[in-house]
Amino acid sequence: MAVESGQRHESTRPGRGESGWQSLVSDWAADRATFRNVSWGKAMMWIFLLSDTFVFTLLLVGYMAVRLTTPLAWPDTSEVFALTVLGHEFPLLLIAIMTFILITSSGTMAMAVNFGYRKNRRMAALFLLLTALLGATFVGLQVYEWTDLIGKGVRPWENPMGAPQFGAAFFMITGFHGLHVSIGVLYLLIVAIKVLKGHYDRSGDYEPVEVAGLYWHFVDLVWVFIFAFFYLL
Amino acid sequence: MAYSASADSHAHHEPQSFVRKYIWSQDHKVIAIQYAVTAIGVGLVALVLSGLMRIQLGFPDSGLIDAEAYYQFMTMHGMIMVVYLLTALFLGGFGNYLIPLMVGARDMVFPYLNMLSYWFYLLSVLVLMASFFVPDGPTGAGWTLYPPQAITGGTPGADWGILTMLVSLAIFIVAATMGGLNYVVTVLQARAPGMTLMRMPLTVWGIFVAAIMALLAFPALFVAAVMMILDSTLGTSFFMPAIIAMGQQMDHEGGSPLLFQHLFWFFGHPEVYIVALPAFGLVSDLISTHARKNIFGYHMMVWAIVIIGFLSFFVWAHHMYVSGMNLSFGYFFAISTLIIAVPTAIKVYNWVLTLWKGDIHFTVPMLFAIGFIVTFIVGGLTGLFLGNVVVDIPLADTYFVVAHFHMVMGVAPILVVFGAIYHWYPKVTGRMMDERLGHIHFWITFLGTYAIYFPMHYLGVLGMPRRYYDYDYDFIPQSAHDLNTFITVVALAVGVAQVLFLWNMAWSAVRGRSSGGNPWNATSLEWQTPETPPGHGNWGPELPEVHRWAYDYNVPGAPQDFIPQTEPRPTSAPGHGHREDAT
């Protein structure tokens with residue numbers, strides 16, 4: 001939507017039809033809003049996620065630093081996180097399933113955003129609930145993983161397989177990520193209820209679904225990095 | 001789009017009850033005052049603590065406080081001044097009040113979040129103050145909270161004190177994040193018609209870049225705080241190596257104390273500029289307004305702010321030259337540190353060139369602004385000493401460092417705070433502060449600063465270590481003891497003199513001369529509001545329209561010596577004596 005009442009003043013917003021650098025420059029040279037069609041909520045979510053990126057990056061950097069300084073052996077993650085199915089040990093199987101579920105939930109989230117913009121209330125709500133369900137499943141599997149590791153004697157302060165920092169970093173990083181997923185599930189449920197009640201039909205704008213989607217995709221992306229740096233390395 | 005509708009809808013929902021209007025308020029102006037009053041209140045606590053420390057240093061035989069209390073007061077003084085006073089006052093106080101008014105918005109974009117930001121900040125202050133009442137009192141680890149000693153027995157407050165400190169910091173970071181998101185989005189997405197980024201006053205630029213930096217730097221402190229909380233409560237070993245304390249093997253092994261220092265200073269150095277950049281912005285506007293001259297090199301000033309903000313993320317380890325870090329890191333960090341001096345020097349030259357041939361009015365805000373320039377140059381020059389590894393190593397942990405950072409990031413920003421309060425007080429209350437009391441306050445504070453901190457440079461070069469409770473050693477000559485006594489006497493006098501300022505603020509709110517809407521004949525938007533103090537929604541029925549930058553002072557041919565930003569440009573007037581690229 002164009003900015004209303006633009007004719008009231010000398011508009012510093014140049015016309016469309018320009019491309020690349022020109023359009024970038026005219027966005028930043030404009031009055032009122034730098035990002036033309038971006039709502040306040042969406043801009044805030046992007047900037048918040050940038051800040052949160054620093055939190056997760058520094059958590060991972062902290063984990064790598066203590067992994068380098070600890071004199072004790074680091075456990076072999078593919079053994080620790082192996083799952084025994086029908087008498088066979090599959091390395092990292094549980095984590096693979098969890099990763100698959102979370103990435104699938106990103107797909108269903110994208111579908112929810114798509115149906116939202118088509119103003120398909122029922123399908124948008126359905127896919128939002130499906131995404132929340134997949135997220136809750138992920139948290140459930142994480143609870144299983146934690147229970148499994150605690151059963152093996154891993155604690156934040158000690159670890160029978162070697163460096164105590166393994167337990168500390170594991171519980172801190174997966175805990176912090178799991179907290180993000182749990183908050184995300186609640187967030188998606190709230191948005192789903194609002195969709196079902198027709199809130200966004202009345203306001204005429206399904207953008208809050210997309211903003212929730214930004215958060216959800218971010219949480220998934222962070223998991224990919226945790227998977228790569230904590231479980232694979 | 002939703003822009004105009006949501007921007008204007010706030011105007012119609014003015015809360016009526018006292019509680020909604022002044023306590024659970026979502027109005028950025030009320031929240032700004034809440035932030036400022038809380039910050040100044042907690043700052044006074046830190047001021048009293050510094051007085052108690054100075055009494056110990058100047059009169060070691062007085063026995064007023066013991067060694068433990070000395071370390072606790074030192075820690076609390078540093079943390080309160082840097083985080084809970086300066087950061088909160090510049091971003092939460094000045095940022096909240098001035099951003100919407102200066103960019104022409106009705107309020108912050110998320111008023112509810114803004115309100116939450118203040119209440120989280122207040123909670124963090126209360127938790128911090130609570131640490132005075134926990135068993136063993138507040139932490140005495142020094143404001144940098146370095147482990148292992150911060151959580152090792154023998155350090156005061158190693159159990160409860162450090163925990164309340166870390167929890168309070170975590171809450172503060174949540175508050176700063178909520179506030180920061182508001183400031184950044186408001187500047188980017190909620191400006192008035194005609195207000196381009198390059199027409200914004202430098203105050204907004206300084207606070208805007210500082211808010212972005214806060215969003216990126218505070219995560220490091222947050223992560224460090226979480227890890228240290230885990231180390232001290234759950235017994236993890238992020239920062240704790242195998243260690244014998246008080247003759248006992250502690251239950252830790254394999255952690256990295258250096259990791260904490262890296263995390264802390266990755267926050268800590270940008271933090272210096274989170275405090276300094278708003279001060280740079282505010283002082284630019286004070287100088288331009290009271291010298292009745294456009295700011296020299298506006299574009300350079302903006303880019304210098306942005307570049308300083310960017311570079312400040314790559315210099316953190318210059319705080320760690322003596323901490324056992326790989327020596328070749330020092331080479332990199334010394335160079336990046338010295339490079340920051342370039343944009344900073346550009347700013348100083350531009351302030352001086354703004355004064356050059358200006359119509360300088362020696363009002364109280366202008367005195368404080370000039371005081372800032374001088375103090376900042378002195379503090380900045382000693383920064384060049386400490387940025388170099390070979391000079392820093394002998395000077396590290398001496399009073400030279402104490403003198404340096406108090407000059408450059410303690411007193412210099414505080415002078416701006418004073419100047420800015422004298423400058424914007426009429427907009428907040430509709431009354432002028434007393435000029436004569438202001439002059440007395442300025443001269444005592446400014447001269448006192450130099451009497452306090454100049455001798456400290458000398459003490460540092462003499463080799464007097466910082467953070468000592470008592471200097472009863474042979475290598476400390478009698479002259480140093482005498483100087484310490486002198487510094488203490490001056491510091492107490494300057495501390496007490498701040499009562500003048502508080503009295504002036506309180507008295508002027510009731511009895512001050514009525515100021516009118518624009519007592520300084522300033523150009524920027526906040527002085528053009530229909531009401532003073534500005535009403536709910538700031539602008540009445542219509543948003544202001546902006547037609548020019550904020551620095552049209554003494555434009556040749558203009559009827560007055562200033563042209564407000566809202567004044568339309570004559571259609572056939574090429575050349576206004578200034579350059580504007582955007583239009």
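Helix α8 (residues 257-290) and helix α9 (residues 298-311) of chain B pack at an angle of about 175°, with their axes 11 Å apart. Axes here are lines fitted to C-alpha atoms, for helices over the stretch in contact, and angles run from 0 to 180 degrees between N-to-C directions. That angle makes α8(B) roughly antiparallel to α9(B); angles under 35 degrees count as roughly parallel, over 145 as roughly antiparallel, 65 to 115 as roughly perpendicular and the rest as oblique. On the α8(B) side the contact is made by B:Tyr273, B:Leu277, B:Phe280 and B:Ser284, and on the α9(B) side by B:Met301, B:Ile305, B:Ile308 and B:Gly309. Two residues are in contact if their C-beta atoms, placed from the backbone, lie within 7 Å. Sorted by class, this contact has 6 nonpolar, 2 polar and no charged residues. Ala, Val, Leu, Ile, Met, Phe, Trp, Tyr, Cys and Pro count as nonpolar, Asp, Glu, Lys and Arg as charged, and the others, Gly among them, as polar.

A word on the coordinates: this is a predicted model, where local features need pLDDT of at least 70, side-chain atom pairs count only at pLDDT 80 or more, and totals for chains, interfaces and linings use all residues. Residues are numbered from 1 along each chain as its sequence is written, while chains are lettered from A and ligands numbered from 1 in the order in which they are written.

Now for chain B as a whole. Its secondary structure comes to 15 helices and 2 strands, where helices (H or I, at least four residues) and strands (E, at least two) are DSSP runs, numbered from the N terminus. Buried residues make up 53% of the 583 residues in chain B. A residue is buried if 20 or more other C-beta atoms lie within 10 Å of its own, exposed if 12 or fewer, and partly exposed in between. Of the contacts in chain B with a separation of 6 or more, 80% are between residues 24 or more positions apart.

Helix α13 (residues 399-429) of chain B holds B:Ala420, and B:Val408 is in helix α13 too. B:Ala420 counts as buried, with 28 C-beta neighbours inside 10 Å; B:Val408 also counts as buried, with 22. Leaving aside neighbours within four places in sequence, B:Ala420 is in contact with B:Phe94, B:Leu282 and B:Leu286, whereas B:Val408 is in contact with B:Phe376, B:Gly379, B:Gly380 and B:Gly383.

B:Pro148 is found in the loop between α5 (111-130) and α6 (160-189) of chain B, and B:Pro533 lies in the segment after α15 (478-511) of chain B.

| Cis peptide bond | Omega |
|---|---|
| B:Pro147 to B:Pro148 | near 0° |
| B:Thr532 to B:Pro533 | near -5° |

The loop between α5 and α6 of chain B also holds B:Asp136, with a positive phi near 75° in a residue other than glycine. B:Asp136 is partly exposed, with 17 other C-beta atoms within 10 Å.

Finally, the two chains meet: the contact takes 44 residues from chain A and 40 residues from chain B. On the side of chain A that touches chain B, α2 (40-69) and α6 (164-196) of chain A are the elements that give two or more residues. The largest share of that side, 15 residues, comes from α2(A).
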